[in-house]
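Hi,

Here is the structure for you to look over. My notes follow below it.

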Amino acid sequence: MLNKPRLRPPSIARSFFSNEAAGGLTLMFVAALALLIANSSLAPVYFDVLHRYVFGLSVLHWINDALMAVFFLLVGLEIKRELLDGQLATWSRRALPGIAALGGMIVPAAIFVALNWNEPLNLRGWAIPSATDIAFALGVLALLGPRVPISLKIFLTALAILDDLGAVAIIALFYASDLSAWMLMLAAVTCVVLLALNRCGVKHLAPYLILGTI
């Protein structure tokens with residue numbers, strides 16, 4: 001009789017990262033650690049590392065412009081799937097997160113203005129509270145794991161994305177002083193071409209990646 005191979009018990013690390021709440025726990029831990037270091041005697045070293053250049057960009061730029069772009073790509077793909085054939089497939093279902101995102105931008109900004117009405121310098125920051133940290137929003141949801149209904153996760157994800165898009169538009173319209181008309185036109189043309197490729201049924205990834213780098 002052949003002996004059955006023994007199954008190795010999963011390691012602690014594998015067990016942890018297979019848990020749905022692992023991403024949220026990791027995010028909260030790293031954020032707390034960064035806050036502690038940034039407010040300790042190690043702060044100069046911490047900020048020096050963030051501003052060191054690697055392949056032409058600082059570490060901070062790689063985080064904000066590269067890793068966050070990948071993050072938004074993955075989240076955007078999830079939302080697109082729900083828009084095409086999921087919880088957000090109809091306009092009636094899309095309306096609620098849209099209205100909630102609009103309220104999430106207007107109400108915090110209004111409270112900020114009310115509290116700083118007599119401080120003209122502070123009033124310039126009225127748009128700061130209008131943005132939602134989508135990474136933390138998803139991290140908090142991940143902490144609750146399967147106890148959160150999938151419909152609620154999709155709703156909050158869509159809300160956070162729309163809120164972030166609105167905040168980016170506000171920054172571009174009210175805070176940018178040197179907008180490049182040519183770059184805006186190039187971005188608009190790129191979006192039109194990407195939409196045309198999608199409508200024509202092009203499924204190869206290469207054209208989208210090439211145009212996305214623009």
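The chain has 10 helices and 2 strands. Helices (H or I, at least four residues) and strands (E, at least two) are DSSP runs, numbered from the N terminus. The order along the sequence is α-α-α-β-β-α-α-α-α-α-α-α.

This is a predicted model, with local features needing pLDDT of at least 70, side-chain atom pairs counting only at pLDDT 80 or more, and totals for chains, interfaces and linings using all residues. Residues are numbered from 1 along each chain as its sequence is written, and side-chain values use heavy atoms, with hydrogens and water left out.

Of the 214 residues in the chain, 18% are buried (under 20% relative accessible area, 1.4 Å probe, protein chains only). Among contacts (heavy atoms within 4.5 Å) with a separation of 6 or more, 58% join residues 24 or more positions apart.

Helix α4 covers residues 59-85. V75, I79 and E82 of α4 are buried. The buried residues of α4 pack against α7 (134-144) and α8 (150-174).

α8 also packs with α5 (residues 91-115), at about 45° and with axes 8 Å apart (lines fitted to C-alpha atoms over the stretch in contact, angles from 0 to 180 degrees between N-to-C directions). The contact includes L96, P97 and G98 of α5 and F155, A158 and L159 of α8.

Best wishes

Terms used. The expected span of a helix is 1.5 Å times one less than its number of residues. Buried means under 20% relative accessible area, exposed over 50%, partly exposed in between (1.4 Å probe, protein chains only).
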